[in-house]
Amino acid sequence: MYFADLSEYSYNPREARPGLRNVGWLDKAHAFARGQLSDSVIDKLWQLSKVAVAQTRGFHVCEMCSHLSHSPLVIIHNSERLRVGSAEIRVFGADDSAYACPNLLWHYVVAHDYLPPEGFIQAVLSRKAS
């Protein structure tokens, strides 16, 4: 499922809220920004990945990983495991910004060097450690 970064969220109408913006809804048919994120951002994204919202019954696979075409993705960070691809995460910034992301986001950042928009990164960094 592809949505351009910072476009208005519309994937699940029951979850839509005014001002909620898409981040990280990638597919292989659309180019995306690439770069490296700091370990602190990656660690905070991991913590966010553990709080799933808008859970669905099915799952979405990473379209960039050809070897993962028919099964849910299990991601591992610091020996902790999560199954992803069937829910979303939310990130709220100090400036009242709000972002909706697939819970595949951590995988996209780590495995495919996806670089989210700067405002989103700042919202992640503004979160207190959990």
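Because the model is predicted, local features need pLDDT of at least 70 and side-chain atom pairs count only at pLDDT 80 or more, while totals for chains, interfaces and linings use all residues. Residues are numbered from 1 along each chain as its sequence is written, and side-chain values use heavy atoms, with hydrogens and water left out. Helices (H or I, at least four residues) and strands (E, at least two) are DSSP runs, numbered from the N terminus.

**Helix packing**

- Helix 1 (residues 39-49) packs with helix 3 (residues 118-125) at an angle of about 75 degrees, and their axes lie 9 Å apart; axes here are lines fitted to C-alpha atoms, for helices over the stretch in contact, and angles run from 0 to 180 degrees between N-to-C directions.
- That angle makes helix 1 roughly perpendicular to helix 3, on a scale where angles under 35 degrees count as roughly parallel, over 145 as roughly antiparallel, 65 to 115 as roughly perpendicular and the rest as oblique.
- From helix 1, Ser 40, Val 41, Lys 44, Leu 45 and Leu 48 meet Phe 120, Ile 121, Val 124 and Leu 125 of helix 3, where contact means heavy atoms within 4.5 Å.
- Sorted by class, the contact of helix 1 with helix 3 has seven nonpolar residues, one polar and one charged; Ala, Val, Leu, Ile, Met, Phe, Trp, Tyr, Cys and Pro count as nonpolar, Asp, Glu, Lys and Arg as charged, and the others, Gly among them, as polar.

- Helix 2 (residues 105-112) is largely enclosed by the rest of the structure, because six of its eight residues are buried; buried means under 20% relative accessible area, exposed over 50%, and partly exposed in between (1.4 Å probe, protein chains only).
- The buried residues of helix 2 are Leu 105, Trp 106, His 107, Tyr 108, Val 109 and His 112, and the elements against which they pack are helix 1, strand 2, strand 4, strand 5 and helix 3.
- After helix 2 comes Asp 113, with a positive phi near 55 degrees.

- Strand 2 pairs with strand 3 (residues 80-84) in the antiparallel sense over five bridges, pairing being counted if DSSP finds at least two bridges between two strands.
- Opposite Ile 76 stands Arg 81 in strand 3.
- The two strands form a hairpin with two residues between them; Asn 78, in the loop between strand 2 and strand 3, has a positive phi of about 50 degrees although it is not a glycine, and Asn 78 is exposed, with a relative accessible area of 62%.

- An open sheet is formed by three strands in the order 1-5-4, with mixed pairing; its edge strands, strand 1 (20-22) and strand 4 (88-92), each pair on one side only.
- On average, neighbouring strands of this sheet are turned by 30 degrees against each other, direction ignored.
- Strand 1 pairs with strand 5 (residues 98-102) in the parallel sense over three bridges, and Ala 100 in strand 5 is the bridge partner of Asn 22.

**Cysteines**

- Zero disulfides are found in a search of the whole structure, a disulfide being a pair of cysteine sulfur atoms within 2.5 Å.
- For Cys 65, the closest cysteine sulfur is that of Cys 62, at 3.7 Å, which is too far for a bond; Cys 65 is buried, with a relative accessible area of 9%.
- For Cys 101, the closest cysteine sulfur is also in Cys 62, at 15 Å, again too far for a bond, and Cys 101 counts as buried at 0% relative accessibility.

**The segment before strand 1**

- Leu 6, found in the segment before strand 1, has a phi near 70 degrees, a positive value in a residue other than glycine, and Leu 6 is partly exposed, with a relative accessible area of 42%.
- Tyr 2 is found in the segment before strand 1 and counts as partly exposed at 29% relative accessibility.
- Although Tyr 2 and Asp 27 are 25 residues apart in sequence, they are 5.7 Å apart in space, C-alpha to C-alpha.
- Not counting residues up to four places away in sequence, Tyr 2 touches Trp 25, Leu 26, Asp 27 and His 30.
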